[in-house]
Amino acid sequence: VQGPSRLAIVELPPDGSLPPSAPIVCVGATGEDAGWRRAALFRYRSLQNAAEPIGRTAPGAVLGTAATLLPQGAPWRIDRASSVEILLDNDADVLVPAGDDALLAGANLCQMGDELLQFGEVELVGAGHYRLSRLIRGRFGAEWAGTGHEIGERFVLLDPDRLVALSVSQGDIGQLLELRAVGSGDTVPAEAARVIDGRAMLPLSPVHGRIAMQSSGDLAIHWIRRSRLGWDWAGLAETPLGEELEAYVLRVTAEGALLREWETATNEMLYPAADFAADQSAASAATLRIEIRQRGTWGLSRPLTLVLP
């Protein structure tokens with residue numbers, strides 16, 4: 001029995017080879033029954049009420065939904081405390097554990113909501129029902145998506161052999177991508193939709209920000225940039241820039257209101273004491289924050305946010 005199809009769209013960060021000039025979007029599909037193989041794939045355009053054929057899906061991807069809430073977790077390290085339960089679309093699919101060496105090599109990479117993470121331990125709870133733990137959160141610049149998870153959000157195991165890369169352009173950024181799939185067991189098309197944000201084209205947010213107050217009262221702010229060109233610290237060499245030039249935008253805010261903005265070409269900035277005092281006065285009792293974004297070829301990164309003393 002082929003059974004009805006299920007569909008999921010994932011938007012991926014840069015892969016570390018060449019800096020992308022277009023979004024990286026893939027689609028995975030599966031069916032509820034073991035006989036499901038592939039389905040014809042269509043891009044649906046609601047304004048024209050038309051479905052454009054764009055090929056077919058890959059062999060069945062491992063898709064599911066979150067049965068429990070994935071809690072907030074610290075990125076870039078092994079999380080031994082958190083876990084999440086997954087209900088797979090196809091009960092015949094299997095999730096397997098991975099040791100630390102395999103995790104470091106990229107095993108069990110998945111997307112939940114917008115967060116990319118890995119799982120090392122797998123416990124079978126019931127048919128197609130797994131508990132995943134020993135997690136590595138916020139992979140490949142996705143630490144920003146580590147909060148706001150929901151029960152029922154999509155789970156996709158990122159196996160390249162079971163995903164199809166879609167042809168999308170810069171013009172698709174900010175647009176709703178709607179897909180439909182029709183297999184031999186579908187009486188109505190499977191549907192999936194996702195707003196494309198072009199995350200592969202933007203620099204990654206800076207990390208390891210710190211603020212040091214000097215004896216003069218000035219604040220010395222420092223951070224470390226990340227690059228779209230490579231994820232490994234190969235040979236302890238300087239990370240390649242991956243953009244046309246190195247530039248940063250710093251914004252001082254209070255309760256979302258913009259108080260001050262600078263641009264700099266280095267990964268440090270001096271916040272003069274007089275300006276700091278003026279901004280404190282303008283903010284009144286509100287907390288002052290500083291947002292640090294890298295300016296890239298195609299736009300600004302997500303912010304690194306620091307709370308000012």
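In what order do the four strands of the open sheet stand, and is their pairing parallel or antiparallel? In this predicted model, local features need pLDDT of at least 70 and side-chain atom pairs count only at pLDDT 80 or more, while totals for chains, interfaces and linings use all residues. Residues are numbered from 1 along each chain as its sequence is written, and side-chain values use heavy atoms, with hydrogens and water left out.

The strands follow the order E17-E16-E19-E20 with antiparallel pairing, where strands are DSSP runs of E of at least two residues and helices are runs of H or I of at least four, numbered from the N terminus, and two strands pair if DSSP finds at least two bridges between them. Strand E17 (257–264) and strand E20 (304–307) form the edges, each with a single partner strand, so one side of each has no neighbour in the sheet. From one strand to the next, the twist averages 20 degrees. Helix H2 (residues 273–283) packs on the sheet and touches strand E16 (248–254), E17 and E19, contact being heavy atoms within 4.5 Å. The direction of helix H2 makes about 155 degrees with that of E17, angles running from 0 to 180 degrees between N-to-C directions of axes fitted to C-alpha atoms, for helices over the stretch in contact.

Strand E19 (residues 288–294) is joined to E20 by four bridges, and isoleucine 292 has leucine 304 in E20 as its bridge partner.

Arginine 225 lies in the loop between strand E15 (219–224) and E16. Among the residues that arginine 225 touches, not counting those up to four places away in sequence, are Glu238, Tyr248 and Gln294.
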